[in-house]
Amino acid sequence: MMKYIFLPVFFLIETIGFSQNNQTKNSKIREMSTDRPDVTESAFTVPAGYFQLETDLVKFSTEKISGVAFKEINLNAFNLKYGISKTIDLQLVIKSIVTTSTITPFFKERKTGFGDITFRFKKNIFGNDEGKIALAVMPFINIPVGRNESNLNLGIVISLAISLGKNWNVGAQIQTVVGEQVVDRKIVTQNLFSATVGHPVCKNVDIFIETVLTNLQKEWALLGNGGIVYLISPYCKIDAGFNLGLAGSNAQIYFLGLSIRI
């Protein structure tokens with residue numbers, strides 16, 4: 001399965017040169033902004049006519065609920081975006097290879113297969129190219145493919161970005177997802193609220209910290225996230241980080257990712 005990690009890496013390396021030569025011809029092109037690595041989505045869209053690939057090369061997650069341990073490994077989970085206008089981009093999110101493990105004192109079950117597919121549509125309301133505040137709305141639909149652990153669900157994200165000056169950037173979002181539970185087929189709503197702060201620590205290196213609050217059927221969970229982003233070029237970034245459950249959750253998530261505009 002390692003080839004599923006290295007194939008996109010080779011592709012991205014080969015396209016860096018082309019991407020740089022193509023985009024430096026237009027000095028007015030919008031600065032690259034990504035939805036990763038934090039949970040808070042970017043309020044900016046991909047410029048019209050450009051592709052942007054954002055991928056979890058590898059992502060590990062563990063969580064224990066009522067004595068049952070759940071582990072998941074994602075390989076090459078990517079988000080492919082395309083700008084169709086000055087303020088709109090289309091996004092295709094695919095979890096390429098997903099391995100899930102369920103562990104109890106009595107048995108262990110492991111499954112490997114193709115993950116879900118999500119279609120997203122982002123519309124920047126204002127602030128894409130000017131001002132210190134940007135706002136965007138992004139409806140999406142998640143389609144389960146080859147996995148019994150998920151169902152069709154619909155959602156919407158409202159994201160906000162604020163530049164505070166001196167390279168301090170703040171983001172926030174509200175997300176609501178409506179879907180059917182796998183076990184009892186009951187329709188439920190899950191809400192998510194997040195806030196993130198980012199700042200460079202040295203040339204080409206940024207760090208971020210983030211808090212995420214989720215609510216599902218009156219159950220609340222608080223997560224603390226953080227990570228580092230290295231700017232290889234203006235249109236290529238590599239990142240690594242973590243998501244840790246602080247209250248109402250003991251989830252631990254660690255990831256390594258890469259983003260490039262083509």
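Strands are taken here as DSSP runs of at least two E residues, numbered from the N terminus. On this basis, the predicted model comprises 1 helix and 13 strands. The order of elements from the N terminus is α-β-β-β-β-β-β-β-β-β-β-β-β-β. Of the 262 residues in the protein, 44% are buried.

In soluble globular proteins, nonpolar side chains tend to be buried together. The largest nonpolar core in the model consists of 9 residues, namely Leu53, Leu57, Phe78, Ile94, Ile117, Cys236, Leu258, Ile260 and Ile262. Strands β1 and β13 (252–261) each contribute at least two residues to this core. Another core, of 5 residues, lies apart from it and includes Ile29, Met32, Val46 and Tyr235. Cys236, a member of the largest core, has a relative accessibility of 1% and is therefore buried, the limit being under 20%. Cys202, by contrast, is partly exposed, with a relative accessible area of 46%. A search of the whole structure returned 0 disulfides.

Leu222 belongs to strand β11. The relative accessibility of Leu222 is 32%, so this residue is classed as partly exposed.

The ring centres of Phe51 and Tyr82 are 4.6 Å apart and the ring planes stand at 40°, so the pair is tilted. This pair connects distant parts of the chain, with Phe51 in strand β1 (residues 51–65) and Tyr82 in strand β2 (residues 68–83), 31 residues apart. Phe51 is partly exposed, at 38% relative accessibility, and Tyr82 is likewise partly exposed, with a relative accessible area of 32%. Strand β1 also contains Ile65, which is partly exposed at 43% relative accessibility. The C-alpha atoms of Ile65 and Ala251 are separated by 9.5 Å, although the two residues are 186 residues apart along the chain.

Charged contacts were examined in turn. Side chains of opposite charge can pair when their charged atoms come close. In total, 8 salt bridges were found in the whole structure. One of them joins the side chains of Arg120 and Asp35, with an N to O distance of 3.0 Å. Because Arg120 is located in strand β5 (residues 117–126) and Asp35 in the loop between α1 (3–23) and β1, this pair ties together parts 85 residues apart in sequence. Both Arg120 and Asp35 are buried. Arg120 also forms a salt bridge with Glu41, the closest N and O atoms again being 3.0 Å apart. Glu41 lies in the loop between α1 and β1, so its pairing with Arg120 of strand β5 ties together parts 79 residues apart in sequence. Glu41 is buried, as is Arg120.

A further salt bridge is formed by the side chains of Lys81 and Glu54, at 2.7 Å from N to O. Lys81 lies in strand β2 and Glu54 in strand β1, so the pair ties together parts 27 residues apart in sequence. Lys81 and Glu54 are both buried. Through salt bridges with shared partners, Asp35, Glu41, Glu54, Lys81, Arg120 and Lys122 are joined into one network.

Definitions and conventions:
Residues are numbered from 1 along each chain as its sequence is written. This is a predicted model: local features need pLDDT of at least 70, side-chain atom pairs count only at pLDDT 80 or more; totals for chains, interfaces and linings use all residues. Side-chain values use heavy atoms; hydrogens and water are left out. Helices (H or I, at least four residues) and strands (E, at least two) are DSSP runs, numbered from the N terminus. Buried means under 20% relative accessible area, exposed over 50%, partly exposed in between (1.4 Å probe, protein chains only). A disulfide is a pair of cysteine sulfur atoms within 2.5 Å. Rings of Phe, Tyr and Trp (its six-membered ring) pair if their centres lie within 6.5 Å; planes under 30 degrees apart count as stacked, over 60 as edge-to-face and the rest as tilted. A nonpolar core is a set of buried Ala, Val, Leu, Ile, Met, Phe, Trp, Tyr and Cys residues joined through side-chain atoms within 4.5 Å. A salt bridge is a side-chain nitrogen of Lys or Arg within 4 Å of a carboxyl oxygen of Asp or Glu.
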